[in-house]
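Please read this briefing with the structure open beside it, and locate each part as it is mentioned. The points are grouped by topic.

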Amino acid sequence: MTELIAKPWAAWQQFWFAKVSPLGVSVMRWPMVGMILYTHLIWSFDFDAFFADHASWQSREFVTEYQAEQFAYSFWWYIPADWMWATHVLSLFLIALFWIGLATPITGWLCFIIVVSYANRVPLAMYGLDQVNGIAALYLAIAPCGARLSADAWIRGQLQKFGDSASIIGRIARWVRWVPFWGTDQQSYCQPSQFACLAIRLFQVHLCFIYLWGGLGKLQGETWWNGEAVWLTAASLDYQSNDLTWMIHFPWIYQLLSVATWVWEISFSIFVWQWRLRPWVLFFGVSMHFGIGMFLGMWTFGLAMTFIYLAFVPPATYHRLMFSMTRIAEKYFIEEEPLRSTLDVIKSDSDVDCGGVVVSGGGR
Amino acid sequence: MSQLIPPPIKIAAERESIAVIGSEDANAIPLTDSSSTRFGHRVGFYLINAWLVFHLVGVFLPAFSIPPSPAIVRELYWSLRFYPQAIYMDHGYHFFGPDPGDSTLLRYVAKNANGETVRGTYPNKNVFPRLRYHRHFMLTEAIPRVADFDESLADLQAKSYAERLLKHHGAQSIRLFRVTHRMTSSDRYLAGGRLDDPETYNDESMGTFAIEADASVVQR
């Protein structure tokens, strides 16, 4: 009886809380937060039209009524009109800090609050892109995504380098070391982490949920069964960004794509866990999102979805890639001595920082 | 289980050991109690596990509760909705489902104080970058959704859109039309139909709105 509980419990822990290198989540931070930054930057074009209290597309009166029974929170309701633009610029600045990996344990959570607040202020203007941004912001906030490839990592390296110096820089370095996430040496930040595994698993499982419900939702319709759905989507004048009406002469294309879409979406949750099938499953997904971007103009949504695929790349692959890139850079591009020494730091960091052990069980 | 675990990856010969947690490889490091202890206090670890289960249920339920769904799921969702809503994960993920639907646009006729008339269709597909178009398009796409949900809310929505357009055009009054652009089936297209045929558009008045003397906007 004990074994009946112990085995699933061990498997559960193994799945969610194995120790994996934080390099994967650190890599994911760049494109994902970059997309969040871009998404919020674009609000600047129509900021007053969407966010002003008066005469905006979604007035306070309307949104308050719309969210009457919802637990939807936004800091925008508490910002005076004169401070709206300043708050927007500050929000962009904080997201940018998270993007470059500065003070990530703080900026990560601030970024999540910002994403949620923007979404809840203008709920009708939201779509799939914002849903994915919300997922990325929360799971990256949980993850030690500033452990590598970040301003934090650079600062930790500099503090180690100058920490013992008697100069003014050394004194400043020792003072800055009081900041918890800069005080610890970079080596210990690169150790395999259970939070990195938890975040990667959350990305993976959430993506399975998304595709599963996407596929099951389509099964309730008629056109996804009879193969007309992709034609109807492609022939939607208000969505299309490139003409796809030539498909009318090749009905097998849109009929096959219609059926393949929901079959792939539903089977994603099963086949993506099969090691040999995973590249093909992900390749189909990338192709589908590329098509949506190309022909329906939803590049941002397509890219945001495929960025989650990075959670399915084994950490060892990231280590291998980083090692190769630094070697190539060293061989062909870096000749100046100062840059070369910096490169040595990166190389050693990418190669052996996790105690010579690459833990690759999590994230698969 | 072993089918789910990939073969160990030998990245570089210089690595002293390659540990693949969860595999049955001889080098595997079993997850022991000690590693859990290192993760933090035992209590904290159980709390994180409890949160994880709650979180997974919380993000799974909103999509499951979309009708047709069992009443018990909808009731459970209603009880737990505070969590997915608070973290902005209250989504159905039914992209283009159950069927790709008709598009909704907004047409308007605005009059300024001089009696000049401005006619327009919203949104403008030519705005750059494309993300801006989707933001505006989502506003008009939401019109039928809100109307199906609550008529009084739909009136507030129309008023809100009217206020914005009145300000944008510096107009005194405006009449709004909800435009449903029906999709063109493959049969219709093969028979010579076009995607922008006038008969695929259907206008429905959403009301006339005007600015009063006290600067408030009212529906007439």
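This is a predicted model: local features need pLDDT of at least 70, side-chain atom pairs count only at pLDDT 80 or more; totals for chains, interfaces and linings use all residues.

**Strands in chain B**

Strand β5 (residues 201–211) of chain B and strand β6 (residues 217–219) of chain B run antiparallel and are joined by three bridges.

*The nonpolar core*

- The largest nonpolar core has 111 residues, and those with the most contacts inside it include Ile36(A), Cys111(A), Tyr139(A) and Ile174(B).
- Helix α12 (residues 194–219) of chain A gives the largest share of this core, namely 13 residues.
- If neighbours within four places in sequence are left aside, the residues in contact with Ile174(B) include Tyr108(B), Ala162(B), Leu166(B) and Phe209(B).

*Contact between the chains*

- Where chains A and B touch, 67 residues of chain B are in contact with 80 residues of chain A.
- Among the elements of chain B that give two or more residues to this side are β1 (17–19), α2 (42–64), β2 (103–111) and α6 (151–169), while the largest share, nine residues, comes from α5(B).
- By residue type, the side of chain B that touches chain A divides into 39 nonpolar, 17 polar and eleven charged residues.

*Domains of chain A*

- Chain A is divided into domain 1 (20–197), domain 2 (198–312) and domain 3 (315–352).
- The C-alpha centres of domain 1 and domain 3 of chain A lie 28 Å apart, and seven residues of domain 1 are in contact with six residues of domain 3.
- On the side of domain 1 of chain A that touches domain 3, helix α2 (residues 23–42) of chain A gives the largest share, three residues, and the residues of this side divide into four nonpolar, three polar and no charged.
- Thr326(A), found in helix α18 (residues 315–333) of chain A, is buried because 20 other C-beta atoms lie within 10 Å.
- The C-alpha atoms of Thr326(A) and Gly146(A) are separated by 20 Å, and these residues are 180 residues apart along the chain.

How values were computed
Residues are numbered from 1 along each chain as its sequence is written. Chains are lettered from A and ligands numbered from 1 in the order in which they are written. Two residues are in contact if their C-beta atoms, placed from the backbone, lie within 7 Å. Helices (H or I, at least four residues) and strands (E, at least two) are DSSP runs, numbered from the N terminus. Ala, Val, Leu, Ile, Met, Phe, Trp, Tyr, Cys and Pro count as nonpolar, Asp, Glu, Lys and Arg as charged, and the others, Gly among them, as polar. Domain bounds come from an automatic or database domain assignment. A nonpolar core is a set of buried Ala, Val, Leu, Ile, Met, Phe, Trp, Tyr and Cys residues joined through C-beta atoms within 7 Å. A residue is buried if 20 or more other C-beta atoms lie within 10 Å of its own, exposed if 12 or fewer, and partly exposed in between; C-beta atoms are placed from the backbone. Two strands pair if DSSP finds at least two bridges between them.
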